[in-house]
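Here's a friendly walk through one protein model. Have a look at the strands and helices first, then read on.

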Amino acid sequence: MLRLRCLLLSTTTSVPFNHQTFYSPIVSCSSLSNSVKSKMETVSYSTKSSSKKLLFRQLFEKESSTYTYLLADANHPDKPALLVDPVDKTVDRDLSLVKDLGLKLVYAINTHVHADHVTGSGLIKTKVPGVKSIISKASKASADILVAAGDKIQFGDLYLEVRATPGHTVGCVTYVTGDGPDQPQPRMAFTGDAVLIRGCGRTDFQGGSSHMLYESVHSQIFTLPMDTFIYPAHDYKGFTVSTVGEEMLYNPRLTKDKETFKSIMENLKLSYPKMIDVAVPANMVCGLQDVESKAA
């Protein structure tokens, strides 16, 4: 019988990520496959004092159920910060928080070209001179910096590693906090729509592929340490955070074999996204479609 004991990191009221607050599943897993069982049993939940460098906030936009994440190197003199998946409707809220915390926003980054909301990246650039927008080169969208697998996004002494995780869209990437003794531990993966908590993004538009998504998740996300936090771009059921180990155990789609997963994805019968015809064209130009069209 599987038993799970965990210390839950509260992100409902976003708090600084520090060495005393972790979500650490400890699993007795006689029902798991030998390979997963071996990985789960050898997880080390050690914490590094360097994790105090990372200031972390999880923010929510209720209309599209989108999470935006604020990360900053709090120990660096400039307190450089970045926002992951900002939404146009909550830009003022996010920038107000950045100011309140005394941070210097340097990047506005997206995990992919979203179809359910307009990114706030372009609007942020008009309000905060010097901020650079980032998206994957594979997305074919406009941004100041185009990244690919293996690239690193540096902010202060911390960095995010770029992992290509296509499948929901052709340009999806997952951003993972750095590996090493001078980086926050456990690691954190900002998975966009590749992995949702107990789910995953749909694969029926924007070049999506269930085969590609399955391969991406299992090769790029499920190979991360089991205690790696998973922070998705969306949640529709009130969840805030998961872990790689937890999703490998309980995700009702991604725990299946590839053919079963493909069948599940092909039979979701989801409605056409109501924002897609507005969001995708805008997000291809960093969320500045209206601004650019008026200037033309």
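## The S3 to S8 sheet

Let's start with an open sheet of 6 strands, ordered S3-S4-S5-S6-S7-S8, with mixed pairing. Strand S3 (54-61) and strand S8 (145-147) sit at the edges with a single partner strand each, so one side of each has no neighbour in the sheet. From one strand to the next, the twist averages 25°. A quick word on terms: strands (E, at least two residues) and helices (H or I, at least four) are DSSP runs numbered from the N terminus, and two strands count as paired if DSSP finds at least two bridges between them.

S3 pairs with strand S4 (residues 66-73) in the antiparallel sense, over 8 bridges. Gln58, for instance, has Tyr69 in S4 as its bridge partner. Helix H2 (residues 91-100) packs on this sheet and touches S3, S4, strand S5 (80-84) and strand S6 (104-109); contact here means heavy atoms within 4.5 Å. The direction of H2 makes about 160° with that of S3. Such angles run from 0 to 180 degrees between N-to-C directions, with axes fitted as lines to C-alpha atoms, for helices over the stretch in contact.

## Where the model comes from

This is a predicted model: local features need pLDDT of at least 70, side-chain atom pairs count only at pLDDT 80 or more, and totals for chains, interfaces and linings use all residues. Residues are numbered from 1 along each chain as its sequence is written, and side-chain values use heavy atoms, leaving out hydrogens and water.

## The S9 to S14 sheet

Another open sheet has 6 strands in the order S9-S10-S11-S12-S13-S14, again with mixed pairing. Its edges are strand S9 (152-155) and strand S14 (242-243); each has a single partner strand, so one side of each lacks a neighbour in the sheet. Strand S13 (residues 229-232) and S14 run antiparallel, joined by 2 bridges, and Ile230 stands opposite Ser242 in S14.

Helix H4 (residues 210-221) packs on this sheet, touching strand S10 (158-164), strand S11 (173-177), strand S12 (188-192) and S13. Its direction makes about 145° with that of S10.

## Space inside

How many cavities of 30 Å³ or more does a search of the whole structure find? There are 2. A cavity is a set of points on a 1 Å grid over the protein atoms alone where a 1.4 Å probe fits but cannot get out, and lining residues have an atom within 4 Å of a point. Grid points are joined across faces, edges and corners, and a volume is the space filled by probe spheres set on the points.

The largest cavity has a volume of about 70 Å³. Among its 13 lining residues, Asn110, Thr119, Ile135, Asn283 and Cys286 are the closest to its centre.

Definitions and conventions:
On a 1 Å grid over the protein atoms alone, a cavity is a set of points where a 1.4 Å probe fits but cannot get out, and a pocket is an open set with protein on both sides within 12 Å along at least five of seven lines; lining residues have an atom within 4 Å of a point.
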